Every structure is written in structure tokens, then in C-alpha cells.
Amino acid sequence: MRITLNNVECSTGDTTRLKSITCSFTKGITYIVGKNGAGKSTLLKLLTTAIQPVHGEINYTLLVRDEQMGTYRKKLTKEEIRKIIGFLPQHFTGHSDMSVEKYITYMAYHKGIPRKFVKKSVEHWLKESHLTHVKRRKIRHLSGGERQKVGLIQALINLPRICILDEPFESLDIEERLHFGQVLQRLSYHSIIIISTHLVDEIRQSSEDKILYLDEGSIAYFGGTELLDAVTQRLEEA
Amino acid sequence: MSGKGLEEVSENQELTKLEQEWKAHFDRFTAPEPTREMTLDLIQKIKNMEQNQSPVDLRQELETTQQSLSTRSKIINMFLSQWNFYGTTSWLLTALLMIAITFTISENFSDAVTGFASWIKWITLLVIGVIGYSFRPKNEGNEIIETLSYYPMIQQIFTRFMIVMGIQLVLTLPLSFVIVGKESTMLYLVSSFIPVFFFGVIGFVAIFWLGQKIGLSITLFIWFSQVLLKKKLLFQAPGDEYFIVMNLMVLVVSILLLSSVILKKRFSVDLK
């Protein structure tokens, strides 16, 4: 699976949010960093297909091995892409009048999990995320951290091929960050994980992970985490 | 230790041996260089080991299960996803409210015709309310999440509409017998069905094209104009002069309005 952005430009109203972005994402974790207004959330929304670029194109391709045609890259349609994306918005609210269990059950069906697996899957995620005791509570009555965990579950429940998370570790305590960090780590073996974060300390210095540093809508750095310290310093100076 | 474990130990030993051989070769160029075949063979073994260590691709398993589902199962799954959006409790409350309206009017009106006229107005108002709730506005995040589904947007929207309308029609038709009593005829069933269907469609289509606030306002405006107007257009009773013509026209208009939804090609979220 690969996402390729070619000279992508995006604006909202009169403001240009992203300027000629060219990069590609493959399986593994990519952290998107940058100060407020750098265009992080706009880039994530573009990747979810929710908004369209003003210029340039975004291609989602899948490596297909066919006995007759050999190996080739298949371009995915918008419908195909939407089936395999998990997304956590920056300020996740969910449907506040639904209970936690009902919302996650609704999302499990929404994401195409066959009905014989829905109950088991919902129970598993609730238990693993320590939300079983609040499963009957309405989402609007949850604490910030609990709500964020519900948001993460809905984004991860179908083990998406493309997982786009906007500030996923916000409001979570250390133990919860560690738990979801491990879940994402496991998922990243087969999926593209794109995480926007301002918590630079949460980024692990791993040879497999990448950083994309956005500065005023342009890519200031895109590469391995070995330059994390330099990026952190630039962010602190900015 | 299992056979696989022994194999791993032996591979690790081979790898360490090769590493030492290369180190020795770099330290002293006179030391023999390991053969290329040996190196390539070990690289392949390392690749295989990595593959064995990486977690199982559960997504692949899910996709295989999804593909093996029958069309019937897929339809049921989509139905359940939309049913869960409104929720069983909300449906029970709606049914209770419809029953309460029916029995209150049935007790207070001795005359079937005037009772029916009053009952159908309240039932259609409830239909508008339920449609408004089912297609309630969402914030930007929820709207994006809704588009990122296993089911295309158009299928989701139609399924939800069919559930909302289906259940209300199923409830309305038998309840109309309670109101009309012995005077029940096929024509009374028609005069219950058409307004419920019309206001459901108007509410749905208006919300679909114009958003919840404007859509609901327009639907309520039409409802109030019909309630306040002396000349009945939508709430026709079987004895009325233009009963069949009016109901036929309302039905055709409803179907045409409903078809307009297909014209909306883009179901992406417009964040402008």
C-alpha cells in the first residue's frame, strides 16, 4: 500500500494551507509535526479524502500480484479507499447521546465487521482499553481521556490499512499512551499509520518510523527519526 | 525445545559465525572472505525470520471474511449499522408516542372522520421529528467518520431512510384502525399512508439538500400551512371530492423528490 502526494496544494477560503507538497507514505508510522497553523490537520483531512486539493493529486496504490499480469500497482477508487481508512479527528466527540457500547457497536457495523464478530470485537476493545465499566455511560458524560479512547477504538476497530490520527495521545495518561502505542506499533507492520502530534516526546527514535515536519504549509523535513532532536530544536525555536 | 526452536538457534549461530568471519576479514584482509552464496543464503534466512516474527495480518483475515459474506448478510449488516444509529430505545419511545397519540385522540373524538383528521396531523408531525433526529447534524469530525465506511454514503442514507419510513408506516397503518374503528376501509389506509410518506420524503430530501435547519424549517412550514389552511390539500379523507387525484399527485411528487437524491453525485464532505 502506498499514498503518493504529487505537488499538492490546498486552501480554505483565501488562506493557502498547504503548498506544493510532494511525498509518499508506505507502511510504518509517520509522525506529522509542526506548530499550530502549519497545515497538519489539513493534510490529514486531505489524506482521508474528505477534502480535495486545489492543485496536484493524491494517489492510493496497492501492490497486486497476479499470475497472468505479474506484479503491478493498482490505483484505488475513492470508495475502495474509504473502506480501509480509520480516522480520529482532532476534537473527537462521537455521537454524544449514544452510550459507549452502542457507539462502538454502531462503528463496528459501519466499518463492515461481520455481525457474528461484532459483539466479541466490541467486548475485546472495551476490555483492552479499560472502558468496560463505562460501557453504558453516554459519551457526553465521559472524561476527556475516556472519550479519546472511544475515538481511538472507532479508528482502529477494523484494523485499517490506512490509519490517520490527529493528536491521538491528547488527554491520555502514560499507561494508556503505552497501550495504544503498542497497538499502533503492531498495526504498522501491515498498515500506513499517520499521526499528527505536538507531543514530540512521544515520538520513538526508531529506524522504521518517519517524521514529516510541516512549516507554514511546506515540508521542512521528511525522513527518518534520526533527526528528531534537530526537529525538536527547530520546533522549540519557532 | 521444539524443532522450530532448534532451527532458530542453529540459524543464529550461523549468523554469528558469518558476522565474525566478515569482521575478521575487515580487520585482516588476509583472513578468508565468506562466500557470496553463504551471505545471500543468510540474508534470505534473516528475511524469513523477520517475516515469521511480524504479527499476523488480521486485516487480511477480516477482508477475506468480508468477501466470503453473502449479499443477504451484507444487507443485514448494513441494516444493523443504520438501526444502531437511531437505537432501539429511540424506536421504542417513538412507538410509545405514536400509540399514546392514537389512544388519546381515539378517546376524545367520537366521530371517526374528525378524529382521523386530527390524528393524521399529529402523526405526520412526529414523522418530521423522527426524520430530523435520524438525520441530525454532525460536526466535521463525525461527518468525515461517516464517509469512511464499508458502505457507500448513498447506501447508508437510503437504508436509514427506509428504516425510518418503514417502521413508521408499519406502526401507522394498524393504528389507523384504532382511530377509524368500524368505518375502516382501504381508502382510510391510503389516507394514512400518503401523508406519512409525503412528510417523511419532504423532510428527508430537504435535509439532504439543504441541511437540517433549513430542511426541517421548510418541512414544518409545509406542515403548518396544511394544518392552518382551510382548504385541505394533503390531509384528505376518503369522503373528500378530490381524494384520489390529490393522493395520486402527492405520491408522484414524493417519488420524484426522492429520486432527486440520486442526482447528488458527490457525497464527500464539503468543508468550505
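Reader: Which way do strand 7 and strand 8 of chain A run, and how many bridges join them?
Author: In this predicted model, strand 7 (residues 162-166) and strand 8 (residues 192-196) of chain A run parallel and are joined by five bridges. Within that pairing, A:C163 stands opposite A:I193 of strand 8.

Reader: And in what order do the strands of that sheet come?
Author: The order is 6-7-8-3-9-10, in an open sheet of six strands in chain A whose pairing is mixed. Strand 6 (85-88) and strand 10 (218-224) stand at the edges with a single partner strand each, so one side of each is left without a neighbour in the sheet.

Reader: What lies across strand 6 and strand 7?
Author: Helix 5 of chain A, residues 144-156, lies across both of these strands, and its direction is at about 170° to strand 6 of chain A.

Reader: Switching to the hairpin, which strands of chain A form it?
Author: Strand 4 and strand 5 of chain A form a hairpin, with three residues between them. Strand 4 covers residues 55-66, and six bridges join it to strand 5 in an antiparallel arrangement; in this pair A:T61 stands opposite A:K75 of strand 5.

Reader: How many residues of strand 5 are buried?
Author: The count is zero among the six residues of strand 5 (residues 70-75), which is hardly covered.

Reader: Now A:V100, is that one buried or exposed?
Author: A:V100, which lies in helix 3 of chain A, is buried, because 27 other C-beta atoms lie within 10 Å, and a count of 20 or more is what qualifies a residue as buried.

Reader: What is A:V100 in contact with, leaving aside neighbours within four places in sequence?
Author: With those neighbours set aside, A:V100 is in contact with A:L131, A:V134, A:K135, A:R137, A:I139 and A:V150.

Reader: And what separates A:V100 from A:D166?
Author: Their C-alpha atoms are separated by 21 Å, and the two residues are 66 residues apart along the chain.

Reader: Stepping back to chain A as a whole, how many helices and strands are there?
Author: Chain A has seven helices and ten strands. Its radius of gyration of 18 Å is close to the 18 Å that the globule rule gives for 238 residues, so chain A is as compact as a globular protein of that length. Taken along the principal axes, its C-alpha atoms fill a box of roughly 55 × 45 × 40 Å, and buried residues make up 42% of the chain.

Reader: What about chain B, how many helices and strands there?
Author: Chain B comes to eleven helices and zero strands. With a radius of gyration of 33 Å, well over the 19 Å that the globule rule gives for 272 residues, it is more spread out than a compact globule. The C-alpha trace of chain B spans about 110 × 45 × 25 Å along its principal axes, and 24% of its residues count as buried.

Reader: Which domains does the assignment give for chain B?
Author: The domain assignment gives domain 1 (3-54) and domain 2 (71-263) of chain B, and the centres of these two domains, taken over C-alpha atoms, are 72 Å apart. Of the contacts in chain B with a separation of 6 or more, residues 24 or more positions apart account for 73%.

Reader: Where does B:M162 sit, by the way?
Author: B:M162 is found in helix 8 of chain B, residues 153-180, and counts as exposed because it has 12 C-beta neighbours inside 10 Å. Between B:M162 and B:F79 the C-alpha to C-alpha distance is 9.5 Å, while in sequence they are 83 residues apart.

Reader: Last topic, how many residues of each chain are in contact with the other?
Author: On the chain A side 34 residues are in contact with 32 residues of chain B. Helix 2 (78-83), strand 6 and helix 3 (100-110) of chain A each supply at least two residues of the side that touches chain B, and helix 3 gives the most, with five residues.

Reader: How do the residues on that side of chain A divide?
Author: The residues of chain A that touch chain B divide into twelve nonpolar, 13 polar and nine charged.

Note on methods: Residues are numbered from 1 along each chain as its sequence is written. Chains are lettered from A and ligands numbered from 1 in the order in which they are written. This is a predicted model: local features need pLDDT of at least 70, side-chain atom pairs count only at pLDDT 80 or more; totals for chains, interfaces and linings use all residues. Two strands pair if DSSP finds at least two bridges between them. Helices (H or I, at least four residues) and strands (E, at least two) are DSSP runs, numbered from the N terminus. Two residues are in contact if their C-beta atoms, placed from the backbone, lie within 7 Å. Axes are lines fitted to C-alpha atoms, for helices over the stretch in contact, and angles run from 0 to 180 degrees between N-to-C directions. The radius of gyration is taken over C-alpha atoms; the globule rule is 2.2 Å times the number of residues to the power 0.38. Domain bounds come from an automatic or database domain assignment. Ala, Val, Leu, Ile, Met, Phe, Trp, Tyr, Cys and Pro count as nonpolar, Asp, Glu, Lys and Arg as charged, and the others, Gly among them, as polar.
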